[in-house]
Amino acid sequence: MMEENIVLLNTLKKIPDTIMEIIGKRERVSEDFISLFQKKKIKKIYFSGQASGIYIGLILKKFIEHHFEMEVQVVNPSAFLQNEGFNVNGKYSSEELCMICPAHSGSTTGPIEMARICREQKISVICTTYNIESELAKLSDVVIYKFSGPEESYIETKGHFASILCIFMCFLEYGLVTGRISYDTCEKYLSQLKEIAKNMPVIFEDTKNWYAEHKNMLLHVPYMRYVANGEYEGAVLEGGLKIAETAHIACIFYETEEFMHRSTTQIDRDSVIIITAPQGDGFERNLELGEWASEYCSNVVLLTSKNSKIEKTDLLIFRIESVDAPFFSPLEYMLVFEMLAYELCEDLHKSVVKADNDGASRRLNTHIAG
C-alpha cells in the first residue's frame, strides 16, 4: 500500500457520515435557500461549474424539474461566457432566474465571472462551498456551508457528495414548505438516502472484490468507454473523471443511445466498456446494448444492482448492493468509480496526494489564488 494514498480511502469511508450529518442539519442547510426562493419565485435555474459542478447539475436536473416544474439548464461556465447568455428569449424577469454553483473551494474562475454577471443583472446566486470566505461566496446571495472541509487528496470526493446532498436537502425542505413534496414523500426520500449511506460500506467491499478479480483488464488500458443514461450520466462522468485524474485512464463517455449511433464501429476485442445499468428507466436498453457489444468485445462490464434479475449472458456483471432509488441512487454508482480510482492508483503506484503536472491551475489561471 502507498502510505500517502490512505487519505483518499479514509475520505471515501467518511462519505456516509457526511451524508447523515447533512440530513440531520437539513433545516439549517436550507433556511436561507428557502427564504430566497419564496421571495423571488424562481422559475429557471442555471447550474454552473467546471467539470464536477456540471455533473452535479446533471444528477439534480430530473429531480428539480419533476417536483418543481422549474426549467433547469446545466452550463459550462467558460463556454457560457463565450457563447451564451442569461434569459436569451426574454421570457423571465431577473427575479425569476437563479444560478446555483456547487463549488468546493469557491475559487474557480468561470463560476466567479458568471456570478459577477448575475450581480450586474440582478440574478440570484447560490453556492455550496467549504470556504464561506471565498470569492464566489462573496458574490453569492446564499452561501451553503457543506460540512465536508478541504480534502488531502487532490481529487474532490466527499465534498462532491456533500454538495449534492446539500442541494437535495434544500429542495426537499422547500418542497415541504410549498406543498410541492408531501410529508410522506419527503420521509420516503430521506429513508432512501439513509439506506444509501448505510449501504456504502457494502459497496466498498463489492467494488474491492470485483476489482481484485478483474483488475488486469483495467490496469494497462489508455482509456475506457463509459455508458449511462438519465441522471446517471452525471454520476458516471464524475466517476470517470476521478479515474482519469488519478490513474490517467482517459474517460470516453456516451449516453446509451449515442453509443449505439456513434461508437458501434469503434470497439474491438480489447476495448473496455463499462455500462451503468441500474434498475429502472433504461435498464433493458442498457442490457440490450451490453449483450450486443459482448459479441465483439471481451471486456464489456454491466454495472448493476444485486436486484437485477439477469440470467444467462456473456457480459461481465459487476453487481453492487444498491437501493436503486429514483433520483438518489446515482450516489451509489458514483462511489463505485471513486473506489476504483483508489484501487487503480494503489496498483499503478500513483499518488492521490500530489498530482502529476501539478501547478496547471496556476499556469493556466483556472483558479483565483487564495
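A helix crossing counts as right-handed if the near helix is turned clockwise from the far one by less than a right angle. Keep that in mind for the first close-up of this predicted model.

**View 1. Helices α3 and α7 cross with a right-handed sense.** Here we have α3, residues 52–68, and α7, residues 158–178, whose axes come within 10 Å and cross at roughly 20 degrees. With angles under 35 degrees counting as roughly parallel, that makes α3 roughly parallel to α7. On the α3 side, the contact is made by Ser52, Ile56, Ile59, Leu60, Phe63, Ile64 and Phe68. From α7 come His160, Ser163, Ile164, Ile167, Phe168, Phe171, Leu172, Tyr174 and Gly175. Sort the contact by class and you get twelve nonpolar residues, four polar ones and no charged ones.

**View 2. Ring pairs tie Phe33, Phe37, Phe68, Phe171 and Tyr174 into a cluster.** Some of these names turn up in View 1 too: Phe68 is on the α3 side of the helix contact, and Phe171 and Tyr174 are on the α7 side. Across the model, the count comes to 24 aromatic pairs.

**View 3. Tyr145 and Phe147 pair edge-to-face.** Their ring centres sit 5.0 Å apart, with the planes at 70 degrees. Phe147 is buried at 12% relative accessibility, while Tyr145 is partly exposed, at 34%.

**View 4. Trp292 and Tyr296 make a tilted pair.** The centres of these two rings are 4.9 Å apart and the planes lie at 40 degrees. Trp292 is partly exposed, with a relative accessible area of 29%. Tyr296 is also partly exposed, at 43%.

Terms used
Residues are numbered from 1 along each chain as its sequence is written. This is a predicted model: local features need pLDDT of at least 70, side-chain atom pairs count only at pLDDT 80 or more; totals for chains, interfaces and linings use all residues. Side-chain values use heavy atoms; hydrogens and water are left out. Axes are lines fitted to C-alpha atoms, for helices over the stretch in contact, and angles run from 0 to 180 degrees between N-to-C directions. Helices (H or I, at least four residues) and strands (E, at least two) are DSSP runs, numbered from the N terminus. Angles under 35 degrees count as roughly parallel, over 145 as roughly antiparallel, 65 to 115 as roughly perpendicular and the rest as oblique. Contact means heavy atoms within 4.5 Å. Ala, Val, Leu, Ile, Met, Phe, Trp, Tyr, Cys and Pro count as nonpolar, Asp, Glu, Lys and Arg as charged, and the others, Gly among them, as polar. Rings of Phe, Tyr and Trp (its six-membered ring) pair if their centres lie within 6.5 Å; planes under 30 degrees apart count as stacked, over 60 as edge-to-face and the rest as tilted. Buried means under 20% relative accessible area, exposed over 50%, partly exposed in between (1.4 Å probe, protein chains only).
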